Amino acid sequence: MTLVAEISESKAVTKAGASGLCAGANLRTPCGARRVEFLRPGDLVVTRDNGLMPVRMIWTQSFTAAEIAADPSLAPVVLRPRAVGPMMPQKTLSVGAAHRLLIPGWRLLDEPDGESCLVPARDIVGLNDSSFIDRSPDQVTYYNVVFDEHQVFCANSLPVESFMPTGETLREVPKTVKDDLGKTFPELAPKFADYPAPRYKMRERVSYNPDFA
């Protein structure tokens, strides 16, 4: 069973920000680029490590300008072309502050060149003129894509992560999302302890190469 969960009354956030991709993010599919807001369960997405993988579930969370003003961490992080590196992203991309991006090791001071790491988008803010927080939207909606396991895929040519249900993330999501995740993955519910772990190291507050541009 596959579901699309629409969340409005409850918010899946922490003080570190929301997760998800904003409308307009283009994902690679066998039929070409598909905007995340038009993606549906069952659609195939090109992933970094496993080729074509079917989307199992998509859930959304929306915030008004008043909510963003009350909690600035809810504002999206905007990444203009080359905010992370060449073609990363190729077109401007907006994501939740807590959403993780796959940063190549050669951009990180304390990692080997070949050791890519998943880093929250909030850590990129202010690194250069192409990365900043946008508190101007009247409303913002974040789309969280779920696969059978944690995946990295490209949004506007920038590698980003899929939503990963864990003990920590499940404490933050609304009950409606937990219920839908349980229906989609009955063999893993309710704790999702056996949901496959990410392939990449997760980092926060990283130090960047001073030549970063």
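Let's start in a loop: D43 is found between β6 (32-35) and β7 (44-47). Please keep in mind that this is a predicted model.

**Around D43**
- A polar atom of the D43 side chain lies 2.8 Å from the backbone nitrogen of R40.
- Leaving aside residues up to four places away in sequence, D43 touches R34, F38, M53, P54 and V55.

**Around E161**
- Strand β17, which covers residues 158-161, is where you will find E161.
- Is E161 buried or exposed? With a relative accessibility of 7%, E161 counts as buried, because buried means under 20% relative accessible area.
- Which side chain makes a polar contact with the side chain of E161? The partner is H150, at 2.7 Å.
- For a sense of scale, E161 and A65 are 96 residues apart in sequence, and their C-alpha atoms are 26 Å apart in space.

**Helix α3**
- Helix α3 spans residues 175-184, and its buried residues are V177, D180, L181 and T184.
- Looking down the axis of α3, you would see these buried residues fall within an arc of 100°, so they line one face of the helix.

Methods
Residues numbered from 1 in each chain as written. Predicted model: local features only at pLDDT ≥ 70, side-chain atom pairs only at ≥ 80, totals over all residues. Heavy atoms only, no water. Helix = DSSP H or I, 4+ residues; strand = E, 2+ residues; numbered from the N terminus. Polar contact = N/O pair within 3.5 Å; in protein donor to acceptor, adjacent residues only side chain to side chain. Contact = heavy atoms within 4.5 Å. Buried < 20%, exposed > 50% of the residue type's maximum accessible area, 1.4 Å probe, protein only. Arc of directions from axis to C-beta.
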